[in-house]
Amino acid sequence: MAKIIAVANQKGGVGKTTTCVNLAASLAATKRKVLVVDLDPQGNATMGSGIDKYDLDNTAYELLVEEKPFEEIVIRNTAGKYDLIAGNGDVTAAEIKLIQFFAREVRLRNALAPIRDQYDFIFIDCPPSLNMLTVNAMSAADSVLVPMQCEYYALEGLTALIDTIGKLGAMVNPGLYIEGILRTMYDPRNRLANDVSDQLKQHFGDKVYRTVIPRNIRLAEAPSFGAPAMYYDKTSAGAKAYLALAGEIIRRAEQLAEKA
């Protein structure tokens, strides 16, 4: 049964999509079966997977609104060696349409339920806002992975985000928990980054991943080549960091399974 992880942060530009694509590719490289669901109308995870978002017959819109069969919508074996439910501007219309439906908060959960046993991990790339798409992601997910930069405003926003996750969980998904907090675009020469990092570890303890994603030009360049960093430059610091994160997530999942 797949573990479903929503990659979310209300603040934009913190590395949500970069994390979603590169972590999915890293886990796929360890022979795990992985699905990425692109719920962001910007479609960046789709483009970063080597799929042209402007040339799509089916997207997350068809999954959420038209309830088309999963097999008709899924794109198999993308550039990252994982499967994809693509996203583009059509997903914006899905948010509007969802308001008309009964039980609109659980449309994604219901759509993914029949195929959970086909995958080890399912990642949902959320839009950088709290809307019906994000609510659907939180409803469908087992946990939330929060990428964040080590900056003062990001630390302020994290408190609000965790409060939001708690409230959403209480309403639509009581079992929802924080998978982990990932420090992205990290520059160890920056004193503020180190201070914020220390505060994160102090307040959130084991929830903060040991792996840190550095500022890395290869991570920024890879999407324009339509591939995750490990297939663009596997020797880059960014690619190595996401492989390390994949290892950390696998270990955590195994420990959780042992406790269960």
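Rings of Phe, Tyr and Trp, the last taken by its six-membered ring, count as a pair if their centres lie within 6.5 Å, and such a pair is stacked when the planes are under 30 degrees apart. The legends below describe a predicted model.

**View A. Phe-121 and Phe-123, a stacked aromatic pair.** The structure holds three aromatic pairs, and among them is that of Phe-121 and Phe-123, whose ring centres are 6.1 Å apart with planes at 15°, so the two rings are stacked. Both Phe-121 and Phe-123 are buried.

**View B. Phe-225 and Tyr-232, also a stacked pair.** Here the ring centres lie 4.7 Å apart and the planes meet at 25°, so this pair too is stacked. Phe-225 is exposed, with a relative accessible area of 56%, whereas Tyr-232, at 28% relative accessibility, counts as partly exposed.

**View C. Charged side chains over aromatic rings.** The charged end of Lys-81 is placed over the ring of Tyr-231, at 5.7 Å from the ring centre, and the charged end of Arg-107 sits over the ring of Phe-101, 4.0 Å from its centre.

View D. Helix H8, made up of the 21 residues 152-172, reaches 30 Å from its first C-alpha to its last, which is close to the 30 Å expected at 1.5 Å a residue.

Note on methods
Residues numbered from 1 in each chain as written. Predicted model: local features only at pLDDT ≥ 70, side-chain atom pairs only at ≥ 80, totals over all residues. Heavy atoms only, no water. Phe/Tyr/Trp six-rings, centres within 6.5 Å; stacked < 30°, edge-to-face > 60°. Buried < 20%, exposed > 50% of the residue type's maximum accessible area, 1.4 Å probe, protein only. Lys NZ or Arg CZ within 6 Å of the ring centre and 35° of its normal. Helix = DSSP H or I, 4+ residues; strand = E, 2+ residues; numbered from the N terminus. Expected span 1.5 Å × (residues − 1).
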